[in-house]
Structures are given as C-alpha cells and as structure tokens.
Amino acid sequence: MSRLIVGVDVGGTFTDLFAWDEAARRFRTAKVPSQRGDEARGFMSGLDALGGPVAMAAIVHGTTVGTNALLERKGARLGVITTRGFRDVLEMRRRDRPKAWGLWGSFEPVAERDLRLEVPERTLADGTVREAVDLDAVREAARRLLEAGAEACALVFINAYANPANERAALAALREVWPNPHVSASHGILPEIREFERTSTTALNAYLQPVVAGYLSRLEGALAEADFAGRFHIVQSNGGIMSTAGARAAPIRTALSGPAAGVIAAAAIARAAGFPDVITGDLGGTSFDVALVTGGEMQLAPQAQIDFGLVVRLPMIEITTIGAGGGSIARVDAGGFLQVGPESAGSRPGPVAYGQGNTRPTLTDANVVLGRINAARPIGGALARLDVEAAREALLAHVGRPLNLTAEQAAEAVLRVANARMAGAIRLVSIERGHDPSRFALLPFGGGGALHVGALIREVGLKAALVPRFPGVTSALGCVIADVRHDQVRTVNRALEGLDAAALAALMAAEARVARAVVEEAGLPVERVETRFALDMHYVGQTHSVAVPLPEDAPERLTEALIAEAFDAAYAREFAQRLDGIPRRIVSLRTAAIGRRPALDLTLLAPEAGTTLASAERGTRPVWFEGGWHEARIYDRLALPVGAEVAGPAILEQPDATTVLDPGLIARVDALGNLVIR
Amino acid sequence: MDPVTLAVLQGRLEQIADEMDATLYRSAFNPIIAEARDACHGLYDATTGETLVQGTKGLPIFVGAMAFAVRAVIAKVGREGGLQPGDTFAFNDPYEGGTHLNDMRLVRPVFRDGRLFCWLASAGHWLDVGGNVPGNYNARATESLQEGFRLPPVKLIRAGVMDADLLAVMQANTRTPMSNWGDLNGQLNALALGERRLHEVLDAYGDATVAAAFAALNARAARLMEERIASLPDGTYRFDDVLDNDGIEDAPLPIALDLVVEGGTLTLDFTRSAGACAGPVNISRATTIACCYVALKHAFPEVPANAGVLAPVRFVIPEGSILSVQAPRPVAGYTETILRVIGCILGALAEADPARATAAPFGTINALSLSGRREDGSRWVMFSFFGGGMGGNPEGDGLHHANNPISMATMPPVEILEASYPVMFTDWALRPDSGGAGEHRGGVGAIYGIETLAPGRTDIALLGERGRAAPFGVRGGGPAATTRFTWTDAHGTHEPPMTSKLAGASIPQGGRVRLETPGGGGWGDPAKRDPEAVARDRRRGFVTVRAADPRLRATPSGDPGRDP
C-alpha cells in the first residue's frame, strides 16, 4: 500500500504542495497557480502535478476558505435562536468602538437582527434552570428563520456554560425541524463563560458551516472521481489536524488553518536545526505574519479578533499580522512622514515593477531598485522580467522628490520604514511578552521574508536567522508533519484554597477521554496520544487570568499546593509584583489531546553530496546597502553544499525565494540545508 | 532629525506606552481597569510635564489630564526638592491632576546618568476611595469630602521603598482595600516595565537622539493641528447644550462654547457656561482642557497624540465656572460634564467644517450601582457604565451600542456580572427608535433590565445625564432619544425626581431596574435617507412605525415602541 502523504497549501497566488513518501523516504514539491474563488481547481491540478491522488495514502490541507469567508463576509444567511431578552448580544458586542480616535465606523453582525429570534427559557449563573425551555417556541422560531431564508442556525442560551440542559433540549427540537446539518449550539462549540464571546464564536461557526462543508464536498467529490482512496484531513488554527467530519461540524476551527501550517513546519525545522526558540516571519503580498516558537513549540492564543466585532474564542496559533507586505505602498503623508502600508497593491495589480497598472511604489519596488531582487528572474515564473525603470520613477515621484532624496535613497528609506514596522511586530510577540530577543533566531518563510533578515536581526537584536531550505513550501510541509490535535475548555470557577482536588481530577479525566476520542477517530497513524492540561487562574478580584500549565497525564497526583506553586511561577513570569495573601481562583480548565505523528526526517531535505561552493557561484551584481552600491556575489542557493560559508554582501537565489546577505553577515549551510545567518 | 529615524522612534516610544497599558489591564483587579480600560500611561517632559508619548489604548480623557498630574509633581519637587531615582509619587487630587478622586495617579522619574530625563506616569480608576457612596458616584454630594479621600501628590515609594504607613492610611479609607492593593501593584508592574523599556531605547539610540525625537514629534503634531485649524474658515462658531441638573437642584446647567478660528489659531471660549454648581458635575480646569484635547483628537484623528495638539489652541475658562472649580466642589460626575463639552466642540466644528460634521454621541456614562448584602452577610456592589449610540456622520450611520468618546472601555459580560453578583438580567437589548433620524441615522442605545436576587434590599444609585436634553443631530439630522431610568417594586414603577440622577432608593428581592440609554444624533435631512436603508431599519426593528411617521419623528418618544 502507498504511504504517500501530501500536504496542500492553497494561497492567494500559488498552491504549494509537499509530498512525502514514507516507504521510499523521498519527498517532492510542486507549485501551481491558485484559482481564487475556485480553490478546488488549483488543489486538484497540484495533486495531478504529483502524479494524481490515486497513489496517495493521505492528503492534509491548510485552507484559507474559512478565513476568506469571514473577512469577505461570504458566509451563510444565518439565523440565531437565543434566550428571551438577549437577541442583540451579537450586535451589542462588548460595547467597543473600532478606533481609539475618530467617532465614525460601523459594524454589521453576521446575523441580521430580524433573523435573531428569542424563546422563553432561563438558566441562572449557578446552573439552576429558572425556566425550562419552551420547545414549541424553538420549533416555531426555526420555521420562521427557514421561511426568511436562513441556511444555518446558531443556538445560544445565557449561562449555558453552567448548565446546558435547556440548550441541549432546544438543539434536539431544532434538529427535528432544520433541513440540513448546519446547526451550532454554544455548549458544543464553547462551554465557557462570557456570552458575547460564546455567541460570536458559535455564530461564526454556523456562518461558515455551509461554506466549508460545500468546499470540502467539492474537494471530496473531485478526489473520489480521481479514485482517491486515502484519508483527507484539514489543518486547524491550533496547528493540529482534524478529520473533514470535524471540520464540517466546527469549521471555525479552520479560521487560521493556512498560517498555522507554516508555523508548524517552521517549529519542526527550527527544532531539527537546534534552534528551539525562533520567531517566524511570513512576508506575503499584503501582510507580514509573525509567530513565536519557544522550546520548539508554537504558541497558542486563547482568542482572536478576525475583524472588528468578529471574535473567535478558541485556541489559535498566536499570529501577529501587520499590514506590511511586498505590495505595501509607500507614500509621504501630510506631515512629511514616510509611510509604508497598510494600503497595498496586493498581487494584482501588484508592484509597479510588475507592469500591471500600479504606479505607486511598493516595498517590492524598493527591493528591485536596490538590486536585491533579480529583475531578470522573478519568483514563481509568471512574469518574464521586472520593470526596474518604472519602479525607480515611481519611487522618485512619490518618495524621493518630496523628501529630497535620490531614487536609491528613497528606496532605502522605504526599506528602513518597512523593516522598522516588521521589527515592531517581532518585538510585539517577543519583548512585549517578556522574551529576550537575543535568545531567538528569525525564521523567515514564504517568498519575501528572507529579503529582510539582516535588518531584522540587527534591529531587534536577534541572535541569528534560520532560512529553511525551501521557504516557499514551508506551509505545505507543515501539513505533512502536523500532529492530530483537539482542544477543549470548560469553566470551573472554584477557589484554589480548599480545593476538592479529587473532583478536579475527575473532571480532567472526563475531559481527557472526550478529547482523546476525537483524536483517535481522526484515523491517522499516530505514535502516541498525549493529553495536556492548563488552568486559567487569577487572584480573586482580577478578571483576566494567567495560563497555568499542569504536569501532563497525572491529574490524580494534583494537590492544592502543587497548583498554587504552578500559579505563582506562571504569574511571576508575566508580572513584576506578586500578591501574597490574596486568594486564588481556578477559572477554567483547558484540555488538549495531541496525537503525535511519526517524525519526518528533515535530513532528507538536505543538499546532495557532490556540490561545491564554486559550482554554486553565479557571478556578481551591484546591490545597494547602507547608502551605496556594493558588488555582491550571487549564488544558486540550492547548489550550495553542506558546510558552505558565504560572506555578505551576497544574494542567494532559488526559484521560490531570495535571501539577502548584508555586508558583515555570514551565512552557513547547516546539515539540513538551512542557511544560518549571523 | 531624519524623518525615517523619527518614524522608527515614534513607533518604539508608542509601543512602550502601549505595553504599559496592556500590563496594567492584565494584572489589574477591578473590572473598571481590567475590562473597561479606565487607565492610561505615557511619557512626560522632564521640566514642563507636557505629554511626550501616550499609549494608544488607554482612556482618551487621561491623555490630556496626565500632563497636569505630572506638572503637579514637578511643582512639588520644585518646592521641596529631594527627588531621587526609585521615587514614585501617588495622588488622586482632581483639582491638581484633573478628573475625579477614583483616578489614582502614579508618577515616577526616569534618571539617566544621575539627571532627570523624563517622567513616566500611570493612572487607573480604583473601585472605591471612601466617601458616602460605594464606588464614589455620589449624585447628592455637595463637597468632595463626601466623595472620598483626597491624596495630594506624595511620595508613596521613596528610593524604591514603599511607605507602609502611607499605604496603611490609604487602605483604611476604602471599602475595597484588596482590590485597590491589586490595582496599585498592577500600576507598579506597568511602571517597572515602562522604565526598563525606555532605558533599552535610550541605550540603543542615545539620550540626545530620543530627546530630539520628542521635540520633533511635538512640533509635527503642532504643525498638523495648525494646518487643520487654518483650513477652517475664520469666524466664531457658537454651540450651546445643557446638563439636566446637578442632582441637588433640578435646573438645567448651560455648557456653552464660542469656538473662534483666526488663521491657524483656535480659541475655545466657555465664558457663557454655568457657574460652579452645588452637585457633583463640576470639573477642574485641567479636566476641561483634557477633554478639549479629546474632542480635537476625535475631530482630527490623523494628528498624533501628544502635547503638540494643544499648541495652537487658546482657552478662555473663567474662574468660578462649572468648568474651572476649586476644592472642595464635588466632581465625581465629571464624565457627564466633559461629554457635554466634547459635544459642544463637535457641534461648533459641524458649523465650521460641515463636510466632516459628526452628530452627538449618546453622551452619558450612566454610572449605575446596585448594592446590598448577600445571604452570608457580605457586601456586594455591582457598579457599571453603560453604552449608547454614536452619531450619524458623513461616512454612514452611527454605531449601535458603543462607548463614549472619552473611553475605549469594553463592558463586563452579563454572565460575569450574574456569576459575581446576586442579579439576573431580564433585558440586554438594542433600543428601537433611540437613534436620531437622518440621512445617516444615529446608532441606537440599549435597554438593560435587571432583577435583584439578593435576599434583603438592594440600594440603587445612578449618576447619569441626557434625561431631558437629547443628543443633537447635525445638518438637519434629528435628536436621539433621551435616557430613561425606572425601578419597580410592589408599589409600582418609579422614575427619579432628577430624571437621570438618583440616590437613596432601594428595591426588595425580585424588584427590578430598567435603564434605557440614548442613541446618537442623526446626520443630514431624514427625507434624503436611502429608501432601502429605511426599509432595512424597519425590518430589523431599529425604527418602528411610530417613529417612522414624519409627524411623530420630530419628538422621539424614548419608548421602546413596537410595530402594531
């Protein structure tokens, strides 16, 4: 039987694939154009480029279909059924405003007000049912929503986290009437206190259900037609993979599927290269995504805001995104300040140098004008060459003349401002969270990240940069090596002092059973299933909490003293002042089951023996660094042998990425083919 | 200084203040800081106390007020000397530092090579500082001594050592010593972090470069502000509004502005406003200037947040005005007055700059406290600020259920409130017909209904506004609905005699209160509203038949009407 596992990352411009043959211990990659709006086509043509799905044992997919549907508001026509008195929770939010300064701005919830209906029922905060749910009212509400054209339905009752009985009964009644599976109930999606966050997460889940289910059905249909007989999985925002059945029921868990796949691979590459602490930087056309890997593991945030008022409270990879990408437009503002982004020319029309109609200079144009990007060999192969003159003229017109700079000086200024913004994003995830940047290496991936490594390591004070051997397929590689994972949360709300440790242990065991079952049902071969527990805790009186990791797999050994010690340590990591004598509280229990996949031996990605440094040389060209032109050596990066050392100024080129080596920096090819730059 | 280095430094310095904000939110004890973000951090000039850099997430009203707080410390040091590294001043004096007694300010010097380089400051709203009413929003106060204890600028930390005696005095004068202790430590967390970060930036760029950047950033804000002012036609623009009453005497209090544009200079003349009043809606001069800053920043959001914003602005605020009071005039309800001042500036600017006219936001925080004893005898105080609608504007309809211009607060969830206090919410809803009519409608306010589950009696205190004078529309847009508060017990449903202010009422177990908040004013002629938008509002129930009838439209009912 085939043991070919294929990772597929569908991006905005390209679909990247990474195929791993476990039996033959070989890999292949492929890159095909994406079809926006018809992602299934790019997906299938990519599989065909690797010999077609029939020979594949498993396909793992990182998708942006959910993300795009959220950002572009292209989800289902959604109905909401909720407790009497509370139909506006979704629209009232937490009473916030979109911006600190300026009083304009608006918000459209994903369910219109006339599609949000109330039913008589009430549960109190302690779980007491004050009023049993009126099931006839639930059925009637469902019928009214269907008549109004609702395609999916979210069910959210107040305090359902404390006792889901009313919501469970209503769900059963709703399912009797509802003609499709696109129904989400809050106790299933997020049994956690805070009605807005729970409502928003549940509503967004239902909003995505028809979209993601439709997409997966198209893919599964196409795969079946192509006689695919293996298993098909989806990467979740928490960096784990799940079954397509899981993705259909909880599509909101795919909201950051694509970016998560990249960080998984980055973490694996960094671990293998001996860099347990890295900051990943994915520079795309419109944005720069930064994530932190510590101790070889990606970091998860408990909550994300997709857009103003669109809150998802589920563990998601902690990604900081700023509007600075290759397509970000540079301009001088009314106060004489040079700004780069967030306005972007995107991939269409793209930078001025692409010659597709944009005349305002972008970050990529600055890199082209300074000779850092090879104008004769654009990445991806879609364009024959780049228009350097047009890029120069645009930089002069929009930046150079207003600031009295030459085209090169203007381009360098654009780089400096963009680098400062990217450095700010890196600081945000590192220094601001109390991590010392000199412990971290930068791991750039995607097509553009490696253009800026020199400035970024200097500006932030990072110890090195680690450029993966194939930066462009990092996300597809992540799909192949991702573990199977399921995260759960349950509100506990108990004082630590006088804790019934046995009751907590029983709760943990029950949570673990459910989470492990989800992982086992996914059906992918795993070496073992790990369970992880963390408590959200705080001093009584605080509303925010600190995540307190607990020893794995041993709930029965927990004591009040052990938990207290763990909390104190976690608190001290975040804050200067400890508050002895104030009682502590356990707010909620987070449980994760992780099915560890067999490790992929990354040495297989390493360069083959027999190449030499000399054979990789491709001559020189003038490249602008620090106020002047330097004659930089050009190398074919993939032809560099293990152990090769290259000194800046130099440019290392490969089909899917360019690495710029500033003067004074040295790049060394490690045993896995990564570049270590210091 | 080259503009690129300046841009880089601006980002680094703002990040320091932002990070201080975030640290306090995460470690604070009381939800007014942790959730409602009623706090602020920044860097201030060593000699003038002027704002150098301000966090982008802190409470906007503090942005202007903090400079006065730092100035008060500078004056004290000038009189008494003895400043040393590791000192931290604490105070809540509203007459010196602006706002009200709940806002505890910590001010710490940053030294470089033995010399004062600048100041770091942190302000946060503490839950309770004594006085007659838990939470300190005493609608019946006639002097500040009834509102809480007053701390002038004093050294709480001397060369790194906390003054335990002073702390003990502070802790003895509050109903919530543990919460205040937690918040104090949160503020110290923020200062410690800010100090560390600032030294890192100074080490990396050099003290002189950073000092030059401060000067350049202020000059740039001043220049941008001057340009914005100069773009307005010269002239005097008048705008008048009123407060409902001061909670003591039921008479309206005018807040009136003459906004004078002369070239690049702006004069804000409040001479025609009421004199100091007996009740708690007075504000100090520092507070008035701070809220003018907030209004101008909202009107011109692209101007950076530092002292430069006020460089081209002159103030005329007569002594003895309701906008320039001295101790011991009560000031607990300062939010209501500053919202009226901000409204006047928006109203006058709507005349001066019709293309950017913005209708009034709902304009009251409606500070409501419910309190009593639980079954076990312990005291509970549920204290919250409530949302309302934003004004219609050139871009579109106003936002529903937002927070006020002075705040970036988020509201505590119902489930957190119900888990913390013996209450049950019966309504948490948008309020139909509360947005002002207009081509771009005002956002709607909210209806909050609360039933008390506590065994004994529950005391009710409200300090609100907009009970009589509605949030105004601009360019022909209509006014929003007014605040309506009622409480219900066995004897029926009652309204406060002072419409938006109440103290001394209570309800038994099962009794209810209901707060209906105003929407925002409308923008432009309602007759020009897109018929599709009119139909959509009807379908969604934001505008009911009654309010859509042009004969009734001019006088919004304030009632949550229903379609027949």
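For the strand work I count two strands as paired if DSSP finds at least two bridges between them. Helices (H or I, at least four residues) and strands (E, at least two) are DSSP runs, numbered from the N terminus.

Ground rules: this is a predicted model, where local features need pLDDT of at least 70, side-chain atom pairs count only at pLDDT 80 or more, and totals for chains, interfaces and linings use all residues. Residues are numbered from 1 along each chain as its sequence is written, chains are lettered from A and ligands numbered from 1 in the order in which they are written, and side-chain values use heavy atoms, with hydrogens and water left out.

**Entry: chain A sheet.** I looked up strand E32 (residues 650-654) of chain A and found that E32 pairs antiparallel with E33(A) over 5 bridges. In that pairing, A:Ile651 sits opposite A:Val660 of E33(A). Both strands belong to an open, mixed sheet of 4 strands, ordered E29-E30-E32-E33 (chain A). The twist averages 25° from one strand to the next; axes here are lines fitted to C-alpha atoms, for helices over the stretch in contact, with angles from 0 to 180 degrees between N-to-C directions.

**Entry: chain B sheet.** Here I get an open sheet of 4 strands with mixed pairing, in the order E8-E9-E10-E11 (chain B). Strand E8 (235-243) and strand E11 (313-316) of chain B each have a single partner strand, so one side of each lacks a neighbour in the sheet. Neighbouring strands are turned by 15° on average, direction ignored. Strands E9 (residues 253-262) and E10 (residues 265-269) of chain B run antiparallel, joined by 5 bridges, and B:Val260 has B:Thr267 in E10(B) as its bridge partner. I also noted helix H9 (residues 334-352) of chain B lying across E8, E9 and E10, at about 145° to E8(B).

**Entry: where B meets A.** How many residues of chain B are in contact with chain A? I get 93, against 74 residues of chain A, with contact meaning heavy atoms within 4.5 Å. The buried area (accessible area, 1.4 Å probe, that two parts lose on being put together, summed over both) is about 6900 Å², 57% of it from carbon and sulfur atoms. On the chain B side, B:Phe29, B:Glu415 and B:Arg540 lose the most area, together 12% of what that side buries.

I count 8 salt bridges between the chains, each a side-chain nitrogen of Lys or Arg within 4 Å of a carboxyl oxygen of Asp or Glu. One I looked up joins A:Arg122 and B:Glu418 at 2.4 Å, N to O. Helix H1 (residues 3-27) of chain B gives the most to the side touching chain A, with 14 residues.
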